[in-house]
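Have a look at the sequence and the fold, then read on.

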Amino acid sequence: MKKAVIAARFPFPLEVKKGETVQWCACGLSQNQPWCDGSHRGTDFVPVTITARRDQIVFFCGCKHSKRGEICDGSHARLERS
């Protein structure tokens, strides 16, 4: 698997609390989007570990094609429909 699977064509706006650590799914295979559930095993993908620096809402990428990694950059709007 060379490219991430498009898990969603929208971001996941989720609240994170200061000091909270989460693992964002980079492969798109997790059944618990946008969080990693270990489904990447056997691929070259690894989850991205994030520790929140402050309480905030983060727009986590759902399409897995953002140029900003786990943060949505609107790439989902430019993906081809299959």
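The radius of gyration used here is taken over C-alpha atoms, and the globule rule is 2.2 Å times the number of residues to the power 0.38. With 82 residues, a compact globule would come out near 12 Å, and the protein has 12 Å, so the two agree. Along its principal axes, the C-alpha trace spans about 35 × 30 × 20 Å.

Before going further, a word on what you are looking at. This is a predicted model, in which local features need pLDDT of at least 70 and side-chain atom pairs count only at pLDDT 80 or more, while totals for chains, interfaces and linings use all residues. Residues are numbered from 1 along each chain as its sequence is written, and side-chain values use heavy atoms, with hydrogens and water left out.

What is the protein built from? It has zero helices and four strands, running β-β-β-β from the N terminus on. (Helices, H or I with at least four residues, and strands, E with at least two, are DSSP runs numbered from the N terminus.) Of the contacts between residues at least 6 apart in sequence, 61% join residues at least 24 apart; contact means heavy atoms within 4.5 Å.

Now for the surface. The accessible surface comes to about 5400 Å², and 49% of that belongs to carbon and sulfur atoms; the areas come from the Shrake-Rupley method with a 1.4 Å probe, and for residues only the protein chains shown count as cover. Buried residues make up 37% of the 82 residues. Buried means under 20% relative accessible area, exposed over 50%, and partly exposed in between (1.4 Å probe, protein chains only). Here is how some individual residues come out:

| Residue | Relative accessible area | Class |
|---|---|---|
| Phe60 | 1% | buried |
| Ser30 | 6% | buried |
| Ile71 | 22% | partly exposed |
| Lys17 | 41% | partly exposed |
| Glu15 | 51% | exposed |
| Glu80 | 71% | exposed |

Where does Ser30 sit? You'll find Ser30 in the loop between β2 (21-24) and β3 (48-51). Its side chain reaches the backbone oxygen of Trp35 at 2.6 Å. Setting aside residues up to four places away in sequence, Ser30 touches Cys25, Trp35, Cys36, Asp37 and Ser39.

In one of them, the rings of Trp35 and Phe60 have centres 5.0 Å apart and planes at 75°, so the pair is edge-to-face. Trp35 lies in the loop between β2 and β3 and Phe60 in strand β4, so this pair ties together parts that are 25 residues apart in sequence. (Rings of Phe, Tyr and Trp, the last by its six-membered ring, pair if their centres lie within 6.5 Å; planes under 30 degrees apart count as stacked, over 60 as edge-to-face and the rest as tilted.)

How many salt bridges are there? A search of the whole structure finds one: Lys17 with Glu15, the closest N and O atoms being 3.0 Å apart. A salt bridge is a side-chain nitrogen of Lys or Arg within 4 Å of a carboxyl oxygen of Asp or Glu.

Finally, the segment after β4. Ile71 lies there and, leaving aside neighbours within four places in sequence, is in contact with Val58, Phe59, Cys61 and Ser66. Glu80 is found in the segment after β4 (56-60) too, and the C-alpha atoms of Glu80 and Asp55 are separated by 34 Å.

Note on methods: A polar contact is a pair of N or O atoms within 3.5 Å; within protein, one must be able to donate a hydrogen and the other to accept it, and residues adjacent in sequence count only if both atoms are side-chain atoms.
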